[in-house]
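This report is written for a reader who is new to the structure shown below.

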Amino acid sequence: MNFKSIGAALALAALCTSAGADGHGGKVKVGMITTLSGGGAGLGIDVRDGFMLAVKQANTDALEVVIEDDQRKPEIAVQLADKMIQSEKVDVLTGIIWSNLAMAVVPAATAQGKFYLSPNAGPSALAGKGCHPNYFNVAWQNDNLHEAAGAYAKSEGFKNSFILAPNYPAGQDALTGYKRQYGGALAGEVFTQLGQTDYAAEIAQIRASGADSVFFFLPGGMGISFLKQYADSGVEIPVIGPAFSFDQGILQAVGDAALGVKNTSQWNKDIDNPTNAAFVESFQAEYGRLPSLYASQGFDTANLLLSAMAKADVKDADAFRAALKAAEFDSTRGDFAFGDNHHPIQDIYVREVIQEGDVFTNKIIGTALSAHSDVYAADCNM
C-alpha cells in the first residue's frame, strides 16, 4: 500500500463482502492526525500502517480516511484538527502519538461532538476528571505499562531504582506509574528534555547513584540514543523499561545493546490467538517488516471502529457510542474490554529482548499484571 500522499483522502473502494462495516448504511469519515516526519515518525507510520491494513482487509466503501502529519507539534495538530472538523467534516478523529498533542486536540474535538479513538496517547487527565463519553483509548492509560514495570522490579527484589523520563505528560505519568507498583527507594529521579539525544550527564548520575536497577521511558529515537550510550558507558546496572523503548522499530537500531533487557507490554507478536497470528503474517506480507506495538494498536483501533459501524450509524451518537463501548471485535491482544472511563482492561506482560537470526525482537516471559485497569477511572463521572 502506498500512503505517501499524506493529507489526501483515501477512498476505500469495494463493498464489504460480509455483514460488515457498512451493514447500517452509514458512511464514516475519519481524520487521522499522526507523526509522519521528524523525531518519532516511525511510531506514527506504524500506527497508520496498522490502521490502514485493517481497513484494507475490511474491503468496504463505507469508510474514508484523511491522513495528515502533525510533525510532533501541538500547534500543527490543533490546526489540522480544526481543518478536519470544520472543512473535511470528519466524524471520527484518531492517530495522535504524543500526549501533549492529545491534550491540545482531544478535549476540543469531543466538545464539538466528534468521536476520538486513541491508538496510543493515554494521558491521565483524560482518564479521570477529564474523561468524555466520546473519547475511547484503544491502547492504554499512560501509567499502565510503567506500573507493570514497577511490579516486575518489585517481584525481582530491586530496592533502589534510578528512574528517568522526558518532561511531558506521558513522561510524568510514566514515573508516577512505576513508583505506584514498585514501592522501593529511589536512587534518583530525573526528567529529561523531550527529544533529547545526549544522555552523558544522566548516565554519569546513574553511575554515581548506587542504584540496583534503572527504569527509563524514552520513546522513539530518544530510547535508541540512551540505550546505545548506556551500553557504551560500561555501566552494568540492570535496565527495565516499557515496550515503547524496546519495540520492534527501535530494536534494530539499538542492536546488541538491548539483548536480555526486560520490558513490559500489553502486546507481542507471540501472543497466541488466531487474530494476532494473522495480523503478524499479513503485516509482514504487506509492509515487509515485523509489526510493532504501535502497528497492533492502529490495527485494533480500526477494527474497533469497523465493529461499531457494523452495529450503528455514526450520526446516531448514542447508538454509536454504545457500539464502541461494547468493543465486539477480535483484538490482537485476545480478551479486550473497556472500563467505565473508556480505557482498556487488559493483561500486561513481561518481555525479554532476544535475537532471531538477524532480527532483534521480544518474547513474552511472564505476566506482570492481569486484567489491569487504571487508577484514574474512579475520578471519571461518566
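A salt bridge is counted where a side-chain nitrogen of Lys or Arg lies within 4 Å of a carboxyl oxygen of Asp or Glu. By that rule the structure, which is a predicted model, holds 16 salt bridges. One of them joins lysine 56 to glutamate 286, with the closest N and O atoms 3.1 Å apart. Because lysine 56 lies in helix 1 (residues 41-58) and glutamate 286 in helix 9 (residues 274-287), this pair ties together parts that are 230 residues apart in sequence.

Where the two domains meet, 19 residues of domain 1 are in contact with 25 residues of domain 2, and about 1,700 Å² is buried between them, 67% of it on carbon and sulfur atoms. Across this interface the rule finds zero salt bridges, whereas four residue pairs, both residues at pLDDT 80 or more, are in polar contact between domain 1 and domain 2. On the side of domain 1 that touches domain 2, helix 3 (99-111) and helix 10 (293-309) each supply at least two residues. By class, that side of domain 1 has 10 nonpolar, seven polar and two charged residues.

Aromatic rings also pair, and a search of the whole structure finds 19 aromatic pairs. Among them is the edge-to-face pair of phenylalanine 217 and phenylalanine 244, at 5.2 Å centre to centre and with 75 degrees between the planes. Phenylalanine 217 lies in the loop between strand 9 (213-216) and helix 7 (221-233), and phenylalanine 244 in the loop between strand 10 (239-242) and helix 8 (248-254), so this pair ties together parts that are 27 residues apart in sequence.

Note on methods: Residues numbered from 1 in each chain as written. Predicted model: local features only at pLDDT ≥ 70, side-chain atom pairs only at ≥ 80, totals over all residues. Heavy atoms only, no water. Contact = heavy atoms within 4.5 Å. Buried area = accessible area lost by both parts, 1.4 Å probe. Polar contact = N/O pair within 3.5 Å; in protein donor to acceptor, adjacent residues only side chain to side chain. Helix = DSSP H or I, 4+ residues; strand = E, 2+ residues; numbered from the N terminus. Nonpolar A, V, L, I, M, F, W, Y, C, P; charged D, E, K, R; others polar. Phe/Tyr/Trp six-rings, centres within 6.5 Å; stacked < 30°, edge-to-face > 60°.
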